Amino acid sequence: MPKKPKHPCGFPGCPNLTETRFCPEHTKEMNKQYEKYYRNWSSKQKYGRHWKRIRDRYASEHPWCEECLKEGRYTPVEHVHHRVPLRQGGSHDESNLESVCKSCHSRIHAKLGDRFGK
C-alpha cells in the first residue's frame with residue numbers, strides 16, 4: 001500500500017516535510033511545551049527519577065509489548081503503562097504496570113480519553 005505524501009511541518013514557519021504532524025526537531029519542542037504548560041501539575045510530581053528507575057527495570061524484565069503478545073505478535077516495548085492511572089489511585093507497583101508498544105499505548109489512552117481526547 002502506498003504511503004501518504006509528506007506535508008509541511010505544523011510548526012509555524014517550518015518548511016520541513018514530514019509524515020507526522022511535526023518534524024522530529026519540533027516534535028521534541030512541542031512535547032516539552034506540553035509537559036511544561038499543559039500537563040496536569042499534580043501528575044508531573046508523580047513522575048521523576050524514581051519512576052524512571054522503576055520503568056527501566058520493568059521494561060528490561062518485560063521486553064515485549066504485553067498487548068501484542070496476547071495477539072501472538074512480538075513487538076519491542078517502548079512505554080511502561082499504568083493499568084490504573086496514578087490520578088485515579090494507581091501506584092508504581094509491578095502489578096499495576098504493563099509493557100506496551102507505542103501504538104498500543106496510544107490506543108489505550110485514546111480509549112481513556114487522555115491528552116488528545118479532551
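Visitor: Before we start, what do buried, exposed and partly exposed mean here?
Guide: Buried means under 20% relative accessible area, exposed means over 50%, and partly exposed is in between, with a 1.4 Å probe and protein chains only. This is a predicted model, in which local features need pLDDT of at least 70 and side-chain atom pairs count only at pLDDT 80 or more, while totals for chains, interfaces and linings use all residues. Residues are numbered from 1 along each chain as its sequence is written, and side-chain values use heavy atoms, with hydrogens and water left out.

Visitor: Okay, so is Glu 61 buried, partly exposed or exposed?
Guide: Glu 61 is partly exposed, because its relative accessible area is 42%, and Glu 61 belongs to helix H3, residues 49-61 (helices are DSSP runs of H or I with at least four residues, strands are runs of E with at least two, and both are numbered from the N terminus).

Visitor: And how far apart are Glu 61 and Ser 99?
Guide: They are 38 residues apart in sequence, and their C-alpha atoms are 9.5 Å apart in space.

Visitor: Switching topic, where is His 82, and what does His 82 touch?
Guide: His 82 is in strand S3 and is buried, with a relative accessible area of 5%. Not counting residues up to four places away in sequence, His 82 is in contact (heavy atoms within 4.5 Å) with Tyr 47, Trp 51, Ser 91, His 92, Asn 96 and Leu 97.

Visitor: What about Gly 90, where does that sit?
Guide: Gly 90 is in the loop between strand S3 (79-82) and strand S4 (97-100), and Gly 90 counts as buried because its relative accessible area is 19%.
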